[in-house]
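Here's a quick walk through a single-chain model, going from the overall layout down to a few individual residues. Have the viewer open as you read.

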Amino acid sequence: INRIGSGEVDYRLNINRNDEFGELSTSINSMANNIEEMLEAKRQLLLSISHELRTPITRAKLALSLIDDAFVKESALEDMDEMEALIHELLEAERLRENHSPLELENSNINELIEQLQHHYFKNKNLILKLEKQLPNIAIDETRISLAIKNLIKNAITASSTNDGQVIVRTSYDKTHINIDVSDSGVGIDEKHIPHLTEPFYRTDSSRQRKTGGVGIGLYLIQAVVDAHHGKLIIDSQLGKGTTITIHLPYQTHAKHSKVS
Ligand SMILES: Nc1ncnc2c1ncn2[C@@H]1O[C@H](COP(=O)(O)OP(=O)(O)OP(=O)(O)O)[C@@H](O)[C@H]1O
Ligand SMILES: [Mg+2]
């Protein structure tokens, strides 16, 4: 029962008795079935909505391009682009979870991916790279891992925007894993939020939504990417001090997907 309660909703009790205990375990199992179906329905809904939203956005962008007012046009197009990016990330996350798009594994040097990210997106940011020179290559889906690291760096920069702190990306390895740490000395995260951060649309402070620009999809996507690589995401944070989020990747990644939610 503890295992089901702590989120392992595909676990079932195996008690074959003809008494109250037997009845109780049957009820708990059927409750777990219902919860599992509900979670699946939620995922399907998210997938369908995201998918259906793409066509109207494309149409709206086309219509916008015919408008003369440059200012209106520009700000509306920016909003549309943001929506498009969001839908792309939602679809990515759901497809990875459903194994609709398997990983495209390539033997890669993660340091190089991080350097490319810095070059393309974070040139003028206070971003320090501390990359392990001997880092072995690893079989990963480069596009997805880059997207995950990029989202971690974006979050760290947002969290440090009030004190202009440094963001440090560090790589390291041991016999079985490669670690990518993204650290900031920004606002930090209250302990009570940490278990929920990888839920879709979860944000610690919704009133700041517009100011920091996000909707709460980043960590959900990162977790989906990490799960698909059979890795772990470790969030370590102290309110007011800063945050370190680590992607822990095993060398042996299989394209096969394990169903975790
Ligand atoms: N490095 C960090 N420091 C402090 N808070 C963080 C950090 N990373 C994430 N958070 C908190 O976790 C929440 C969820 O992060 P997530 O990346 O999923 O969404 P977002 O950044 O708000 O929006 P999006 O990534 O979709 O643009 C953030 O709103 C923020 O409150
Ligand atoms: Mg984010």
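## The overall layout

The tally comes to seven helices and seven strands. Keep in mind that this is a predicted model.

In terms of extent, the C-alpha trace covers about 75 × 50 × 40 Å along its principal axes. The chain has 261 residues, and 40% of them count as buried. Take the contacts between residues at least 6 apart in sequence: 70% of these join residues at least 24 apart.

## H2 against H3

Start with helix H2, which covers residues 20-64, and helix H3, which covers residues 70-98. Their axes sit 9 Å apart and the packing angle is about 150°. That angle makes the two helices, H2 and H3, roughly antiparallel, since the cut-off for that label is anything over 145 degrees. Sorted by class, the residues in the contact between H2 and H3 are 13 nonpolar, four polar and eleven charged. As for handedness, H2 and H3 cross in a left-handed way.

## H7, the enclosed helix

How many residues of helix H7 (residues 218-228) are buried? Eleven of the eleven, so H7 is largely enclosed by the rest of the structure. The buried residues run from glycine to alanine and include Gly218, Tyr220, Gln223, Asp227 and Ala228. What do they pack against? The partners are H2, H3, helix H5 (142-159), strand S6 (232-238) and S7.

The pairing with H3 can be described in more detail. The axes of H3 and H7 come within 9 Å of each other, crossing at roughly 30°. H3 is therefore roughly parallel to H7, as angles under 35 degrees get that label. On the H3 side, the contact is made by Glu89, Leu90, Glu92, Ala93, Glu94, Leu96 and Arg97, while H7 contributes Tyr220, Leu221, Gln223, Ala224, Val225, Asp227 and Ala228. By class, the contact of H3 with H7 has eight nonpolar residues, one polar and five charged. The crossing of H3 past H7 is left-handed.

## Glu94, a buried glutamate

Glu94 belongs to helix H3. Is Glu94 buried or exposed? With a relative accessible area of 0%, Glu94 is buried, because the label applies under 20%. Leaving out residues up to four places away in sequence, Glu94 touches Arg43, Leu46, Leu47 and Tyr220.

Glu94 and Gln44 are 50 residues apart along the chain, and 8.3 Å separates their C-alpha atoms.

## Thr246 and its partner

Next, go to strand S7 (residues 242-250), where you'll find Thr246. Thr246 has a relative accessible area of 11%, so it counts as buried. Which side chain does the side chain of Thr246 make a polar contact with? It's the side chain of Asp181, at 2.7 Å.

Beyond sequence neighbours up to four places away, Thr246 touches Asn179, Ile180, Asp181, Lys232, Leu233 and Ile234.

Although His230 is not a glycine, its phi is positive, at about 60°. A relative accessible area of 30% makes His230 partly exposed.

Phe201 sits in the loop between strand S5 (177-184) and helix H6 (209-212). Phi for Phe201 is near 65°, again a positive value in a residue other than glycine. Phe201 is partly exposed, given its relative accessible area of 42%. Setting aside residues up to four places away in sequence, Phe201 touches Leu46, Leu90, Val215, Gly216 and Ile217. Leu46 also turns up among the residues that Glu94 touches, and Leu90 is one of the H3 residues in the contact with H7. Arg17 is 184 residues away from Phe201 along the chain, and the C-alpha atoms of Phe201 and Arg17 are separated by 43 Å.

Note on methods: Residues numbered from 1 in each chain as written. Chains lettered and ligands numbered in written order. Predicted model: local features only at pLDDT ≥ 70, side-chain atom pairs only at ≥ 80, totals over all residues. Heavy atoms only, no water. Axes fitted to C-alpha atoms, helices over the stretch in contact; angles between N-to-C directions. Helix = DSSP H or I, 4+ residues; strand = E, 2+ residues; numbered from the N terminus. Parallel < 35°, antiparallel > 145°, perpendicular 65-115°, else oblique. Left-handed = near helix turned anticlockwise from the far one by under 90°. Nonpolar A, V, L, I, M, F, W, Y, C, P; charged D, E, K, R; others polar. Buried < 20%, exposed > 50% of the residue type's maximum accessible area, 1.4 Å probe, protein only. Polar contact = N/O pair within 3.5 Å; in protein donor to acceptor, adjacent residues only side chain to side chain. Contact = heavy atoms within 4.5 Å.
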